Structure formats: C-alpha cells, structure tokens
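This report goes through a single protein model, feature by feature. Please look at the sequence and the structure before reading on.

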Amino acid sequence: FSKRLFDLLVSLPVTILALPFFAIIAVAIKLTSKGPVFFIQERFGRGGKKFKILKFRSMYVDGDQKLNDYLEKHDDLKKEWQQFKKLKSFDPRVTGVGKFLRRFSLDEAPQVFNILLGSMSLVGPRPYLPREKEEIEQSAAIIFRVKSGLTGLWQIKGRNDLSFETRLKLDEFYVRNWSFMLDITIILKTFGAVLKGRGAY
C-alpha cells in the first residue's frame with residue numbers, strides 16, 4: 001500500500017507537468033515516420049500476469065522484418081542479439097526520432113500512465129516480454145512477486161550494456177532487498193544514468 005501511494009504521489013504531478021512535452025514528441029513522431037504515436041506491447045507484470053505497456057513508438061512499423069533481414073546479412077551480430085537482445089552499433093528498426101528518444105529514455109515516458117493505472121511501479125524489475133518466458137523461468141518466482149518498474153537496478157547499472165542474465169540477477173536482488181531507501185536511491189541515480197545515455201540503444 002505504501003509503495004502504491006508513493007507511486008501515485010510522484011507520478012501524478014509528473015504526468016501533468018510532462019503533458020506539453022508529450023505533445024511535442026507525438027508531433028515529431030508523426031511528422032518523421034509512418035505509424036501510430038504510441039507503441040503498445042504485452043509484458044509480464046506482478047504474479048506473471050500480462051499487461052499492455054505503453055511507449056512512444058521509436059521503431060519503423062516493419063521493424064521486425066528489417067531486423068531479420070539485417071541479421072541474415074550480418075551473421076557476426078546474431079551472437080550480440082542473443083546475448084543482449086539489442087544491437088549496440090546500429091539497429092535498423094529504430095527511426096531517427098526514435099534514436100533520440102531512446103538515447104534519453106523518453107520513449108518510456110508514457111509508462112507513467114501504466115503507473116497511474118496500477119499495472120506498473122516507479123521502481124521494480126524490468127517488464128519482461130512473453131517471448132522471454134523460457135529465459136526468465138529460473139528467476140520468475142522471485143521477479144513476479146512485485147510490479148514491473150519504469151526504472152530499476154538495471155537502469156543505473158548499465159542498462160543494455162548488461163547481459164540478459166545480469167539483468168535477471170539485478171532484478172532478483174531488488175526484490176529480495178527492497179526498501180524505500182533503495183527505491184529513492186534508484187530514482188535519484190536514474191537521472192544521472194539517463195543524462196549520460198550509457199547503455200541506451
């Protein structure tokens with residue numbers, strides 16, 4: 001209850017203040033690439049229940065096809081994709097505006113609406129994808145005890161520079177050692193991590 005109250009007290013005023021910036025981002029997305037402003041995707045939340053996560057669209061609408069074609073032509077990058085679920089040097093799926101949004105994690109800003117609706121928390125484990133179910137199986141019992149977070153230990157420890165396995169270990173550590181002081185520390189350090197752009201792809 002106290003964690004939920006904290007989420008509401010922080011996210012509600014932030015959402016109100018951010019609405020003009022959301023409008024600017026929405027216009028930039030619509031003017032530079034075809035497709036919707038928002039990207040909606042299923043993720044795992046508390047109890048392993050699926051929910052719809054909301055993000056600003058940072059990829060082309062045919063991004064998955066572009067990625068498959070790119071990996072077919074670059075066998076050396078397949079291992080990187082398998083290990084990090086990201087391509088660090090160049091991702092053919094990402095638009096020009098999307099690259100900027102990802103650099104400063106602005107694509108994830110609409111998740112404040114997920115927080116207001118109660119499907120996410122300000123701080124928590126990474127919201128994992130259904131296709132990652134087998135890979136998170138050993139950690140799921142721990143990670144699914146709490147809501148997924150807009151930010152978390154993975155954000156301040158290197159983001160996408162971390163291997164998938166390391167992200168899981170950090171999420172387990174967070175759940176086992178949760179405290180308000182840990183949440184506040186993560187929130188404060190997130191600002192520095194976002195500004196530095198380390199691990200943002």
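## Residue classes and basis of the model

Ala, Val, Leu, Ile, Met, Phe, Trp, Tyr, Cys and Pro count as nonpolar, Asp, Glu, Lys and Arg as charged, and the others, Gly among them, as polar.

The model is predicted: local features need pLDDT of at least 70 and side-chain atom pairs count only at pLDDT 80 or more, while totals for chains, interfaces and linings use all residues. Residues are numbered from 1 along each chain as its sequence is written, and side-chain values use heavy atoms, with hydrogens and water left out.

## The cavity

Rolling a probe the size of a water molecule over the atoms shows where empty space is left. On a 1 Å grid over the protein atoms alone, a cavity is a set of points where a 1.4 Å probe fits but cannot get out; a pocket is an open set with protein on both sides within 12 Å along at least five of seven lines; lining residues have an atom within 4 Å of a point. Grid points are joined across faces, edges and corners, and a volume is the space filled by probe spheres set on the points.

The whole structure has 1 cavity of 30 Å³ or more. The largest cavity holds about 30 Å³ of space. Its lining is made of Phe44, Gly45, Pro125, Arg126, Tyr128, Ile143, Phe144, Val146 and Ser148. By class, this lining of the largest cavity has 6 nonpolar, 2 polar and 1 charged residues.

## The second largest pocket

The volume of the second largest pocket is about 720 Å³. It is lined by 23 residues, of which Val14, Ala109, Leu150, Thr190 and Phe191 are the closest to its centre. Two or more lining residues come from each of α1 (2-32), β4 (149-151) and α9 (180-196); helices (H or I, at least four residues) and strands (E, at least two) are DSSP runs, numbered from the N terminus. Helix α1 gives the largest share of this lining, 8 residues. The lining of the second largest pocket divides into 17 nonpolar, 5 polar and 1 charged residues.

## Salt bridges

Side chains of opposite charge can pair when their charged atoms come close. With a salt bridge taken as a side-chain nitrogen of Lys or Arg within 4 Å of a carboxyl oxygen of Asp or Glu, the count is 4.

One of these joins Asp183 and Lys3, with the closest N and O atoms 2.7 Å apart. Asp183 is in helix α9 and Lys3 in helix α1, so this pair ties together parts 180 residues apart in sequence. Both Asp183 and Lys3 are buried, meaning under 20% relative accessible area, with exposed over 50% and partly exposed in between (1.4 Å probe, protein chains only). Arg126 and Glu132 also form a salt bridge (3.2 Å, N to O), and both are buried.

## The loop between α4 and α5

Lys55 and Asp107 form a salt bridge in which the closest N and O atoms are 3.8 Å apart. The pair links distant parts of the chain, with Lys55 in strand β2 (residues 50-56) and Asp107 in the loop between α4 and α5, 52 residues apart. Lys55 counts as buried because its relative accessible area is 13%; Asp107 is buried at 4%. Neighbours within four places in sequence aside, Asp107 is in contact (heavy atoms within 4.5 Å) with Lys55, Phe56, Ser58, Leu101 and Arg102.

Ser105 is found in the loop between α4 (96-103) and α5 (111-117). Most residues other than glycine have a negative phi. The phi of Ser105 is positive, near 60°.
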